[in-house]
Amino acid sequence: MADYVLAIDQGTTSSRAIVFDHSGRIVSTGQLEHDQIFPRAGWVEHNPEQIWNNVREAVGLALTRANIIHTDVAAVGITNQRETAVVWDKTTGKPVYNAIVWQDTRTQAIVDELGGDTGPDKYKDVVGLPLATYFSGPKIKWILDNVEGAREAAERGDLLFGNTDSWVLWNMTGGPDGGVHVTDVTNASRTMLMDLDTLSWREDIAADMGIPMSMLPEIRSSSEVYGHGRERGMVPGVPLAGILGDQQAATFGQACFEVGTAKNTYGTGNFMLLNTGTQKVPSKNGLLTTVCYKIGDAAQVYALEGSIAVTGSLVQWLRDNLGMFVDSPDVEWLARKVEDNGGAYFVPAFSGLFAPYWRPDARGALVGLTRYVTRNHIARAALEATAYQTREVMDAMKADSGVELTELKVDGGMVANELLMQFQADQLGVDVVRPKVAETTALGAAYAAGIAVGFWEGEGDVTANWAEDKRWSPAMPDQERDRLYRNWKKAVTKTFDWVDEDVQ
């Protein structure tokens, strides 16, 4: 009898494997970081082969630490950094170029060209997304246009594309020897190539981008058996049965199944999703319309999403680029040394601004500086930037959906930062709730896989397993809340129009 489900979380900074039991409790983990490659300003890459090697090692660590073997595992679920594009040769299994990461901005000229006279909303009614460097489609075009021999190989049918979910699944199920080339609806909805209504690839949009249809993976639901672990792998014969993009996986793991429920994940960036049910809601306020999940043959569920590019990675930048502290959690220790931000505001538009602005011309700014400001104030301003950006997204969600949130479920690494969580509640004016299992991204993928094989009965089991750990309630006077936010909005305007045609 298999007593566990294994989740693989292929994230922006690391790959993790987590073993869960039937109660949704973490039994063991394995985790390895991969290199962040920055060839030029605005370019962000990962080595797909390093990622695959790390996934295998992380799975081995998790199984060993749990003292179990593959026969104890009922199913494997995969969750992943979305929009990060991998193109590889299906005969050799070798990538033709590094993975181009979701934060990368090199495709701006391609995006502008595709938009033409119509502009960034050219495909939005069909795919739910504005034309932006964020999404996978333009990245595929860049690789085909710029890697020698890639376009010819693609047109011969030799190249495959996938976000990192497809790359991991293909390798786990055999690679060049029978690997399954599949993605799920949530990842497909982040490529700019999938029709949100039909859940199928749009040949006309792929043609606009010069992408052969033969490169694209088969689109499947988020919870079904796609294939089985290859014979000489870490989980031979085990069903690979769940795929959810990381933010959709966290929404599922947070049991946000009712229309109007929302979660916010605090990771490399911040991503808030609001469940809109089986009706897709077009955004007029800078949000994305996306697929939230699809369980087997059930109807797809949609969401509104607010995507923020830089939150946790700002703390990483303070650590690695400025050397302000050694360990990321130390940012809270520094920030607590002062009572407020000292008038300093940090707008981390390192990759332009995502929701709700979509301004690729923006760049980061630290404003409001006086001789009074210390590194402690800067640390506090960095944390506050996460909360302000989240409030901007929540305001946009209210405007689009008409839903007044009564609370916000939160997860991700930064939710351990209690100063940030309290400030977040103060800025939103609603309770912020952290679950007992904060690894909701991996947990959501585990649930999707487990439901597919009958390990869990369905969403009811997910809801029953969810438990609250801590709640923060607003405590800041409204006048102070509004003053801080007003100054933040002023700071954001200082980042606009920074990138000219001759300044990259």
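**Exercise 1.** In this predicted model, describe the second largest pocket: what is its volume, and which element gives the most to its lining?

Solution. 
- Start with the volume: about 1,100 Å³.
- Next, take the lining. It holds 43 residues, and Tyr266, Gly267, Thr268, Gly413 and Met414 lie nearest the centre of the pocket.
- Then sort by element. Those giving two or more residues include strand 2 (14–20), strand 3 (26–33), strand 13 (262–266) and helix 14 (440–452).
- Helix 10 gives the most, with 5 residues.

**Exercise 2.** Is strand 13 enclosed or open, and why? Find the strands joined to strand 13.

Solution. 
- Count the buried residues, taking buried as under 20% relative accessible area. In strand 13 they are 5 of 5, so the strand is largely enclosed by the rest of the structure.
- Check both faces. Ala262, Asn264 and Tyr266 point one way, Lys263 and Thr265 the other, and all are buried.
- Look at strand 14 (residues 270–277). It runs antiparallel to strand 13, with 5 bridges between them. Asn264 has Met272 as its bridge partner.
- Turn to strand 19 (residues 407–411). It runs parallel to strand 13, joined by 3 bridges. Here Lys263 partners Lys409.

**Exercise 3.** Which residues have the most contacts inside the largest nonpolar core?

Solution. 
- The core has 106 residues; Tyr134, Leu193 and Met215 have the most contacts inside it.
- Helix 12 (residues 375–401) supplies the largest share, 12 residues.
- Another core lies apart, with 33 residues, among them Ile8 and Tyr226.

Conventions: Residues are numbered from 1 along each chain as its sequence is written. This is a predicted model: local features need pLDDT of at least 70, side-chain atom pairs count only at pLDDT 80 or more; totals for chains, interfaces and linings use all residues. Side-chain values use heavy atoms; hydrogens and water are left out. On a 1 Å grid over the protein atoms alone, a cavity is a set of points where a 1.4 Å probe fits but cannot get out, and a pocket is an open set with protein on both sides within 12 Å along at least five of seven lines; lining residues have an atom within 4 Å of a point. Grid points are joined across faces, edges and corners, and a volume is the space filled by probe spheres set on the points. Helices (H or I, at least four residues) and strands (E, at least two) are DSSP runs, numbered from the N terminus. A nonpolar core is a set of buried Ala, Val, Leu, Ile, Met, Phe, Trp, Tyr and Cys residues joined through side-chain atoms within 4.5 Å. Buried means under 20% relative accessible area, exposed over 50%, partly exposed in between (1.4 Å probe, protein chains only). Two strands pair if DSSP finds at least two bridges between them.
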